[in-house]
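Open your viewer, switch to a cartoon view and keep the selection tool handy. We will walk through the fold stop by stop.

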Amino acid sequence: MTRTYVVTGSASGIGKATAELLTSQGHRVIGVDIRDADVVADLTTEAGRTGMVDRVRELTDSRIDAIVANAGLATPTPATVGVNYFGMVATLERLRPLLEGSPAPRAVGVASMATLMPVDEELVEAQLDGDEAKALARAEVLAADDEKGQLIYASTKVAFARWLRRSAPTDAWAGKGIPLNAVAPGVILTPMVAPLLEGEGAREGLEQMVPMPLNGFAEPIVVARLMAWLTSEENTHLCGQVVFVDGGSDVVIRGDRVW
């Protein structure tokens, strides 16, 4: 059966691979990005988020089957907070009503293996409190410090993972029959990651930071396949799971202590 998907960050990387995979399976995909998309929107801004939802409503007659909230940044800047947390949560929450007419509504977002890394708890809590102004201000402070700026990305992903775990079993999601989950990629060979691989020894350094014993760094299609399944009719009972697709980083770094 043909389903209608909204995929944010569809112009490149994991989002592009996911959109192409779903299209190849015969589904309709509404792509959202800051360029080269069905819906052009800047999800770091409130205007962009509102405009995105309005345009998706127009294109789909207010009915979709799945949301793939993928758009994100990995820069040590406040914009990363705007899109990775507030943009992602807004995408999921504001498009959720459009899922209610679907016989098999699904939603997935993108966390990261970076959730295993150090974070700034003040920034994490500001995001979870929904205080965007405070979160952006804290990110400005962190960004001014070369070392602390690196905490921004992980902090956005940890905040999103916590939001997901808190939200998935509620009446708004599970109560409506909507599986809400996330993927946590390791190092994926996308344009966003490319700068991290530049320079002598860069790749080796990243391999040490993000050990991926199973097949090493991955292509975007690896994550796309997982997100396609998580938003398929086959997925009926995964609820609030952050599924690591990281070649083994999680098990190497955390071992069995979570059990």
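Start by selecting S5 and S6: these strands pair in the parallel sense over four bridges. Two strands count as paired if DSSP finds at least two bridges between them, and helices (H or I, at least four residues) and strands (E, at least two) are DSSP runs, numbered from the N terminus. Click on Ala107, and you can find its bridge partner in S6, Leu180. What you are exploring is a predicted model, where local features need pLDDT of at least 70, side-chain atom pairs count only at pLDDT 80 or more, and totals for chains, interfaces and linings use all residues. Residues are numbered from 1 along each chain as its sequence is written, and side-chain values use heavy atoms, with hydrogens and water left out.

Is S6 buried or exposed? Six of its six residues are buried, so S6 is largely enclosed by the rest of the structure; buried means under 20% relative accessible area, exposed over 50%, and partly exposed in between (1.4 Å probe, protein chains only). In a regular strand the side chains alternate between the two faces of the sheet. Here Leu180, Ala182 and Ala184 are buried on one side, and Asn181, Val183 and Pro185 on the other.

Now zoom out to the whole sheet. It is open, with seven strands in the order S3-S2-S1-S4-S5-S6-S7 and parallel pairing. Strands S3 (39-40) and S7 (242-245) stand at the edges with a single partner strand each, so one side of each has no neighbour in the sheet. Select S1 and S4 as well: three bridges join them, and Val6 is partnered with Ile67 in S4.

Then show the helices that pack here. H1 (residues 13-24) touches S1, S2, S4 and S6, and its direction makes about 165° with that of S1; contact means heavy atoms within 4.5 Å. H8 (residues 220-230) lies across S4, S5, S6 and S7, at about 170° to S6. Axes are lines fitted to C-alpha atoms, for helices over the stretch in contact, and angles run from 0 to 180 degrees between N-to-C directions.

Our next stop is a pair of arginines. Select Arg3, in the segment before S1: this residue is buried yet has no salt bridge, and the nearest side chain of opposite charge, Asp65, is 4.1 Å away. (Lys and Arg count as positive and Asp and Glu as negative; His and the chain ends are not counted. A salt bridge is a side-chain nitrogen of Lys or Arg within 4 Å of a carboxyl oxygen of Asp or Glu.) Arg3 touches residues including His27, Ser102 and Arg106. Move on to Arg106, in S5, where the side chain reaches the backbone oxygen of Ser232 at 2.9 Å. Arg106 is also buried without a salt bridge, with Glu233 6.6 Å away as the nearest side chain of opposite charge.

Finish with the salt bridges, which number 12. Pick Glu46 and Arg49, whose closest N and O atoms are 3.8 Å apart; Glu46 is partly exposed at 41%, whereas Arg49 is buried at 3%. Last, select Arg162 and Glu121, joined at 3.3 Å. Arg162 is in H6 and Glu121 in H4, so the pair ties together parts 41 residues apart in sequence.

Methods
Polar contact = N/O pair within 3.5 Å; in protein donor to acceptor, adjacent residues only side chain to side chain. Lists of a residue's contacts leave out its neighbours within four places in sequence.
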